[in-house]
Amino acid sequence: MDYKKAGVDIEAGYKSVELMKKYVQGTMRPEVLTNLGGFSGAFSLKKFMTMENPTLVSGTDGVGTKLKVAFLMDKHDTVGIDCVAMCVNDIACAGGEPLFFLDYIACGKNFPEKIASIVSGVADGCKQSEAALIGGETAEMPGFYPEDEYDLAGFAVGIVDEKDLITGKDIKAGDVLIGIASSGIHSNGYSLVRKVFPMEKEALNEYREELGKTLGEALLTPTKIYVKALKAVKEAGITIKGCSHITGGGFYENIPRMLPDGARAVVKKDSYEVPTIFRLLAKEGDIAEEMMYNTYNMGIGMMLALDPKDAEKAIEALKAVGEEAYVVGSIEAGEKGVTLC
């Protein structure tokens, strides 16, 4: 008996590392001090010593059951973008600049080409957010996961000068809410998605006229990364008073997280067009509107609270970097929470 006969192929692990190196190398920043394959990743903070009070911000998350769709489609090169997005968007929400990222892949069997494909997506997400992929772990766990399945999670660290932290404390009545468009469902609510749509390869490969693509393609659309978008707003000289990453829990759970006591967000549902995938999901699943807004991003992946004088300038800055943005509501005095009207 040996480790390979027990289900763990060390040689496959070595091959996975070799295959992923070309993707990882493309994410490097000058501050990275170590090479892939060591026991840890080192990142120099010397560049940021000019900040008044350099402050680290961090985020960790996974892709969730969206991975089940990837398994059925046998498509693994975009879920890494989702993993990075879920972490770095939270860092950007605090006003931070993502610095580096580490991934964790746990699988039933290490198929090196599949692992490399997953990591290619992680690297893509890191490049989009200008974060270095400085390390990770691939754990082969036979008997714990089925051979053709895996889990994917990650961890990111960013930095911000303390005075530039986005805390929401200065949000007040009269402020404007700007919504930045999502790319689709992103990476939340897939347990419900998988109950509504048939999770069979034939159904996922079916072209849907209303979507302009197959159902599987729509469901695997990667989560949008908003790091450059928020950076563009900041570089336009605009103070972001509050920022909410619309993830699991939708509008009702996430928007209040940026609000101080005594401030209530009022969102106008007709201020933008809800993407087709959400309308289709609600129709085929007979899901109540309130539940949709309490589960999904409904086409708005990031919500900003700004002084009203900055609204037009912010939308222009966002459009200049390819983002669709809308004035979707305002802040009123009242009990902390959200009103949809």
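Student: Is Cys107 buried or exposed?

Tutor: Cys107 counts as buried, because its relative accessibility is 2%, and please keep in mind throughout that this is a predicted model.

Student: How many disulfides does a search of the whole structure find?

Tutor: The search of the whole structure comes back with 0 disulfides. Cys107 is accordingly in no disulfide, and the nearest cysteine sulfur, that of Cys83, is 15 Å away.

Student: Switching to backbone angles, which residue has a positive phi of about 50°?

Tutor: That is Asp74, which is not a glycine and still has a positive phi of about 50°. Most residues other than glycine have a negative phi. Asp74 sits in the loop that runs between helix H2 (66-73) and helix H3 (79-93), and with a relative accessibility of 53% it counts as exposed.

Student: And what about Glu130, where does that one lie?

Tutor: Glu130 is in the loop between helix H4 (112-129) and strand S3 (132-140), and it also has a positive phi, of about 60°, although it is not a glycine. Its relative accessibility is 39%, so Glu130 counts as partly exposed.

Student: Now salt bridges: how many does the count come to?

Tutor: The count comes to 19 salt bridges. One of them joins Asp77 to Lys75, where the closest N and O atoms are 2.8 Å apart; Asp77 is partly exposed at 31% relative accessible area, and Lys75 is partly exposed at 34%.

Student: What is the N to O value for Lys163 and Asp164?

Tutor: For the salt bridge between the side chains of Lys163 and Asp164, the value is 3.4 Å, N to O. Lys163 is exposed, with a relative accessible area of 53%, whereas Asp164, at 29% relative accessibility, counts as partly exposed.

Student: Which parts does the pair of Lys269 and Glu289 tie together?

Tutor: The side chains of Lys269 and Glu289 meet in a salt bridge at 2.7 Å, N to O. Lys269 is in the loop between strand S9 (263-267) and helix H10 (276-285), while Glu289 belongs to helix H11 (residues 289-293), so the pair ties together parts that are 20 residues apart in sequence.

Student: Which residues do salt bridges that share partners join into one network?

Tutor: That network is made up of Arg29, Glu31, Lys47 and Glu97, joined by salt bridges that share partners.

Student: Last topic, the surface: which residues gather in a patch of negative charge?

Tutor: The patch of negative charge on the surface gathers Glu200, Glu202, Glu206, Glu209 and Glu210. Among them, Glu202 is found in helix H6 (residues 201-204), and with 70% relative accessibility Glu202 counts as exposed.

Student: What makes the nonpolar surface patch of about 300 Å²?

Tutor: Leu45, Met49 and Leu56 make that nonpolar patch of about 300 Å². Leu45 lies in the loop between helix H1 (10-25) and strand S1 (54-62), and Leu45 counts as partly exposed because its relative accessibility is 34%.

Definitions and conventions:
Residues numbered from 1 in each chain as written. Predicted model: local features only at pLDDT ≥ 70, side-chain atom pairs only at ≥ 80, totals over all residues. Heavy atoms only, no water. Patch = residues over 30% accessible without salt bridge, like charges linked within 9 Å, V, L, I, M, F, W, Y side chains within 5 Å. Areas by Shrake-Rupley, 256 points an atom, 1.4 Å probe, with all protein chains shown as cover. Salt bridge = Lys/Arg side-chain N within 4 Å of Asp/Glu carboxyl O. Lys, Arg positive; Asp, Glu negative; His and termini not counted. Charge placed at Lys NZ, Arg CZ, Asp CG, Glu CD. Helix = DSSP H or I, 4+ residues; strand = E, 2+ residues; numbered from the N terminus. Buried < 20%, exposed > 50% of the residue type's maximum accessible area, 1.4 Å probe, protein only. Disulfide = S-S within 2.5 Å.
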